[in-house]
Protein chains: 2
Amino acid sequence: MFAVVYDSCGGPKVLKWKVVENPVLDFNEVLIKVEACGVNRRDLWIREGIYQHLGKNKYLGFECSGTIVKRGAAASKLPIGSKVCALLNGGGYAEYVAVPEDYVMSIPSGLTFEQAAAIPCSASLIWLSFFERNNLIRDDKVLIHGAAGGVGSLAVRIAKSLGCVVFATAGSEEKVDFCRTLDADFAINYKKQDFSEVVARETNGTGVNCVLDCLGDDVVDQNLKSLAVGGKLICIGYKDHWKWSSVEMKDLVSKDTTIMGININTFNVVEKRNMLEGIQRDIWPLLKGNPHLVDICATYSFAQATQAHTLMEKNLHRGKIVLLPRTDLPHTDLP
Amino acid sequence: MFAVVYDSCGGPKVLKWKVVENPVLDFNEVLIKVEACGVNRRDLWIREGIYQHLGKNKYLGFECSGTIVKRGAAASKLPIGSKVCALLNGGGYAEYVAVPEDYVMSIPSGLTFEQAAAIPCSASLIWLSFFERNNLIRDDKVLIHGAAGGVGSLAVRIAKSLGCVVFATAGSEEKVDFCRTLDADFAINYKKQDFSEVVARETNGTGVNCVLDCLGDDVVDQNLKSLAVGGKLICIGYKDHWKWSSVEMKDLVSKDTTIMGININTFNVVEKRNMLEGIQRDIWPLLKGNPHLVDICATYSFAQATQAHTLMEKNLHRGKIVLLPRTDLPHTDLP
């Protein structure tokens, strides 16, 4: 089959659409003909060589949508022909991918393949942050950083669907404008404004119940200041690999505060299965019939993976970037 | 009635056994004739004036045992004459204390008044740390600091009752010896040894699932190093009021780690009630018939509160310090 590969680590231009070995289907796996694949920051880090690729599927791509075309002997939940999306251990930047059926979900009705491919990674982080390790309810206050990005934009939509009050931050006026279109209650340019002051003012000093942070150390002081008593700072990423930050444990104790790093790569099979069941139980109903909740900024063909990575590297995207196996690409017939 | 009071903040000698106004019983409260009262670090801090007293009961003492002698109009769960222990918002250093009946628990069978008075504060922190915000099970690995103290010693006992592997630390050889008598699997003098190295060696590098920390910033690096993937560092106190520590958010994300401060003073009525129900459900069965699980180091009369505080200030205690209204004290008959 064809896949996006790179012979050596480097910039976006190392990515090429080339013939590779066909995936080998394990007994508990299904083979998916990929219709779309979400692009994540992790893809860029692995391509650059600053993050290790841990999956058995050695190509990039940690989420996809598509059609089940073959099943392993022990894979029996979803019939051949099912339209699905999946959380992958790599391998999505390809025509076909083999994935344990536990990591496969039916597509919420009303969503296109493109939209479905844009969800699994974001939904995983959001489910853990808002549902499993938190219990966000109506009128809770949530601060979401990187709200114009793939995870952030879906997080704003889901928090609003739950009836929360949402403070959204982004790093440019254009992105702040985009956050307003997401229906965020407050959209803040965190480079121009101390968001903790906005939070304090708009919550009468009580703060937010949850901060969803993809920036890391840069703003940890403002984040902790923004938290209400009993609040949780949930860190799902970090912008800067080398920056440290001071946290006073006394502050954590005095406000009954939690700081949490989330990393689904550390999850075992049972934890991942529970998570995907949770997503389908708690998040799918919010998305069903509401396709506008999934914001896609740009679609590229696999052969244009270089352009897709460049767009994300420049931080110019709003919402999600998706790759598609367009018909102009050379392709293979499997199985 | 009589109570331990202080006219100005200062050293242990400011404490005096003096006549004060009788407590006023609210409709949802019970009046407890105090039989014993646990001493906590917070009592010392408030006496010194470095920590604010927030309770409606303005005397020291945040846990007690005793007998219900009167009930408010809406207090109907436990009959007069019930032998109980209670979590207090202050007021335990006195002959009588009025407390909402939601914060009152029946004494687990087999425990004396002294032992029952030693439990409520410790059990609250332990229940939150091991049960509510964690889910410790058999064979989980737990690192407990200050294991010779009131909270720490009970925490070791409870973790062992759950079938956990316990690493206990203390700051002197005498206290380390005491930790061994608590049945800790590994007892470590944290001033002499890097406990994270012991944890790494004895867990084949995987680390512990939970660290219960009352030291704060001093050892945060070693604590984070000691944690397993998905582990939780739970901070229930801090030794040093002015020390800061660096935490790299990236490390939290890479290991899916949580740092949590716990402070029951921030809890609302519902949260406290849920906590006390949880203690009675999860911890009482472990203590019933096992009075040896509660370690009391010294008992003093209320008139000897100065000596009790001095002992804790010198950090020479092992287990819990308890105050008793001995018959040699002047006393009042209420109601």
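Biologist: Which residue forms a salt bridge with A:Arg133?

Modeller: This is a predicted model. In the model, the closest N and O atoms of the pair are 3.0 Å apart. The cut-off for a salt bridge is 4 Å. The partner of A:Arg133 is B:Asp256.

Biologist: Where do B:Asp256 and A:Arg133 lie, and what does the pair join?

Modeller: B:Asp256 is in the loop between α8 (249–254) and β14 (258–261) of chain B. A:Arg133 is in the loop between α3 (120–132) and β8 (141–144) of chain A. The pair therefore joins two chains.

Biologist: How many salt bridges are counted between chain A and chain B, and how many residue pairs in polar contact?

Modeller: The salt bridge of A:Arg133 with B:Asp256 runs from chain A to chain B. Between chain A and chain B the count is 2 salt bridges. For polar contact, with both residues at pLDDT 80 or more, the count is 11 residue pairs.

Biologist: Which element of chain A gives the largest share of the side that touches chain B?

Modeller: Four elements of chain A each supply at least two residues of that side: β12 (227–235), β13 (245–247), α8 (249–254) and β14 (258–261). The largest share is 5 residues. That share comes from α8(A).

Biologist: How do the residues of the side of chain A that touches chain B divide by class?

Modeller: The contact takes 33 residues from chain A and 33 residues from chain B. On the side of chain A, the residues divide into 15 nonpolar, 11 polar and 7 charged.

Biologist: What axis relates the two copies?

Modeller: Chain A can be laid on chain B with an RMSD of 0.0 Å. The move is a turn of 180 degrees, with a shift of 0.0 Å along the axis. The two copies are thus related as by a two-fold rotation axis.

Biologist: Now within chain A. What area do domain 1 and domain 2 of chain A bury between them?

Modeller: Domain 1 of chain A covers 2–118 + 267–324, and domain 2 covers 134–261. Their centres, taken over C-alpha atoms, are 27 Å apart. In contact are 15 residues of domain 1 and 15 residues of domain 2. With 63% of it on carbon and sulfur atoms, the buried area is about 1,300 Å².

Biologist: Which side chains meet in a salt bridge at 2.8 Å, N to O?

Modeller: Side chains of opposite charge can pair when their charged atoms come close. Between domain 1 and domain 2 of chain A the count is 1 salt bridge. At 2.8 Å, N to O, the side chains that meet are those of A:Arg157 and A:Asp295.

Biologist: Which helix gives the most to the side of domain 1 of chain A that touches domain 2?

Modeller: Across this interface, 5 residue pairs are in polar contact. On the side of domain 1, the helix that gives the most spans residues 269–287 and gives 3 residues. That helix is α9 of chain A.

Notes
Residues numbered from 1 in each chain as written. Chains lettered and ligands numbered in written order. Predicted model: local features only at pLDDT ≥ 70, side-chain atom pairs only at ≥ 80, totals over all residues. Heavy atoms only, no water. Least-squares fit on C-alpha atoms with pLDDT ≥ 70 in both. Domains from an automatic or database assignment. Contact = heavy atoms within 4.5 Å. Buried area = accessible area lost by both parts, 1.4 Å probe. Polar contact = N/O pair within 3.5 Å; in protein donor to acceptor, adjacent residues only side chain to side chain. Nonpolar A, V, L, I, M, F, W, Y, C, P; charged D, E, K, R; others polar.
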